[in-house]
Amino acid sequence: MEDIMKLVIFACLLFWGKVFAAPVPHKSGGAEHIVIINSAHPTPPQVAEVLERLALNETHPDVRHVFDNSAFKGFAALMETHCLDLLANMSDVSIVEKAVRVQRTAIVERQSSLTYDTRPNAPWGLQSISTVSTVRGSAQAMDYTYSFASSDLGKGADIYILDTGIYTEHSVFGGRASMAWSYNGNMEDVDGHGTHVSGTAAGSILGVASNANIYGIKALDAGGGGWSSNVVKGIDFVLQAHDARKANGSGFAGSVLSMSLASSSPVQAITIAIEAAAQAGVHTVVAAGNDDKDACQSSPSSSGGTAGPAITVGSLGMSGKVSSFSNYGSCVDVYAPGENVISAWIGGPNMVNSLSGTSMATPHVTGIVAYAMGNETLAQNPGLMKEWVRMTALQLSDGTLLANNGVQADAGEGMLGYKKVASHSNFTPIVVKQATPGRKLAKRGPTEWSSLMDCRRMAQLHEDMQYLRGGWLCNAKRSMAKRTLEAVDAFATKVSRLFHRFHVFQRMTRHDDGVLRDMIYELG
């Protein structure tokens, strides 16, 4: 009996601190840190359990986010050193990382049909990703042709734009866009960046996968900045939404997450979240960054190329040359059109804007991925999709891989090995100075015009005159009467035959190249 009592006393002494001692009171404040639970631990704890060890809970004001999806679990919270010291001794915690600022910057069987579809009046980027020919003309013109193998164009695919939000009322979205989550509860896109990216990925006139569903994940503020914890929480939300859609199954093709943002250095929490997303079946496309440096030096771009499962996208211009601002290196998978890209904008349901950056290149590939989800094998395997994107890309003379949607017009190559023989209309090159790549575009006041398409067609009749007569006409106010426009059109036609070359020279000398690329347009 005496021996038993000794054992009881010994056990009490041994476990006293763990069973009877109260947790150290939590000291509010401190820097925000991201905590990811070690899923490989024999008995991984729940988020609530780890928080309890820190005298915290999910509703505590210092707890910013809770990550609870099928791929990873954790939280983000404001914590002083006493919490960090406790976490450092927890073997069931994978990482503890200080939150940092981020900025918006298998063989497949062949198809029996040889048909293809085209869509006119497209931005130059859409023609560039669906042809082997060099695109020539003006980046400001909307007179290019988009070719595609399947008219489904992303139907059933869910595109998540993790950015500044989306102006969902824009006409190019046709009711397919909605805001799904915001780090601060405000669902409005005040900056415009997220709307622009969304338009290129899935806009009806301006986008690649124009039948896909678009969901806004707002992780960046009105100035285009934000915290890495917001990004990780955004990915957490996407994973939960993907699992829910997958469980429902009805008409669901797959999910693609698009991130046109960058940090100043690699962020381990973002890297882990992207890897977890890929394991869960979510495709991820990210921007390479605009610092003219190795893309492996920042996140999320460091998760691409040979380094991870994401598809990292660099930027190139109409000439096929890599943009002077674009990041590069082994973490970059492909390059896509990223200079003077026209897409949707905030301020009205018909507004568009022209911007440059790897942020603009990324949604071209996001759209390609959503479009390729028409193939179930690719849709279910992010790794295979990544290889297909690289395999289908065109290798340029300098070795750069230009993203392509598989409809390699003029070459006889096609999506997933399909034979697609396409040819584009001949466009007369426009003799005009090209804008300097990489320059951030100014946001000028919007100009209204009744119909961009009609205006473009009228201007196209006069070839180079579209930048004398067309440029002026397309900026005319709605108050100008239709008969006046027709009179000006007839007059300009006659004058252009006599003074064509003189007028082009006159236009180029009176205006710098910035006018051609900074202009904010409105679609009628």
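The following questions and answers concern a predicted model of a protein.

Me: What are the conventions on numbering, pLDDT and side-chain atoms?
Reply: Residues are numbered from 1 along each chain as its sequence is written, and side-chain values use heavy atoms, with hydrogens and water left out. In this predicted model, totals for chains, interfaces and linings use all residues, local features need pLDDT of at least 70, and side-chain atom pairs count only at pLDDT 80 or more.

Me: How many helices and strands does the protein have?
Reply: Helices (H or I, at least four residues) and strands (E, at least two) are DSSP runs, numbered from the N terminus. The secondary structure comes to 14 helices and 21 strands.

Me: What percentage of the 524 residues is buried?
Reply: Buried means under 20% relative accessible area, exposed over 50%, and partly exposed in between (1.4 Å probe, protein chains only). Of the 524 residues, the buried ones make up 57%.

Me: Which residues does UniProt list for "active site", and where do they lie relative to one another?
Reply: UniProt positions are given in the numbering used here, with feature names shortened, and annotations may be inferred rather than shown by experiment. The unreviewed entry lists Asp 163, His 193 and Ser 359. They span 197 residues in sequence, but no two of their C-alpha atoms are more than 10.0 Å apart, so they gather at one spot.

Me: With which residue's side chain does the side chain of Ser 359 make a polar contact?
Reply: Ser 359 lies in helix α8 (residues 358–372) and is buried, with a relative accessible area of 3%. A polar contact is a pair of N or O atoms within 3.5 Å; within protein, one must be able to donate a hydrogen and the other to accept it, and residues adjacent in sequence count only if both atoms are side-chain atoms. At 3.0 Å, the partner side chain is that of His 193.

Me: Which residues is His 193 in contact with, leaving aside neighbours within four places in sequence?
Reply: His 193 is found in helix α5 (residues 193–202) and is buried at 7% relative accessible area. Contact means heavy atoms within 4.5 Å. On that basis the residues are Arg 104, Asp 163, Thr 164, Ser 260, Trp 345, Ser 359 and Met 360.

Me: How many aromatic pairs are there?
Reply: Rings of Phe, Tyr and Trp (its six-membered ring) pair if their centres lie within 6.5 Å; planes under 30 degrees apart count as stacked, over 60 as edge-to-face and the rest as tilted. By this rule the count is three.

Me: Is the pair of Tyr 160 and Tyr 215 stacked or tilted, and how many residues apart in sequence are the parts it ties together?
Reply: With 5.2 Å centre to centre and 25 degrees between the planes, the pair of Tyr 160 and Tyr 215 is stacked. Tyr 160 is buried at 2% relative accessible area, whereas Tyr 215 is partly exposed at 21%. Tyr 160 lies in strand β8 (residues 157–163) and Tyr 215 in strand β10 (residues 213–218), so the pair ties together parts whose separation in sequence is 55 residues.

Me: Which residues does Asn 230 touch, not counting those up to four places away in sequence?
Reply: Asn 230 lies in helix α6 (residues 228–248) and counts as buried at 2% relative accessibility. The residues touched are Arg 64, His 65, Trp 181, Tyr 183 and Ala 219.
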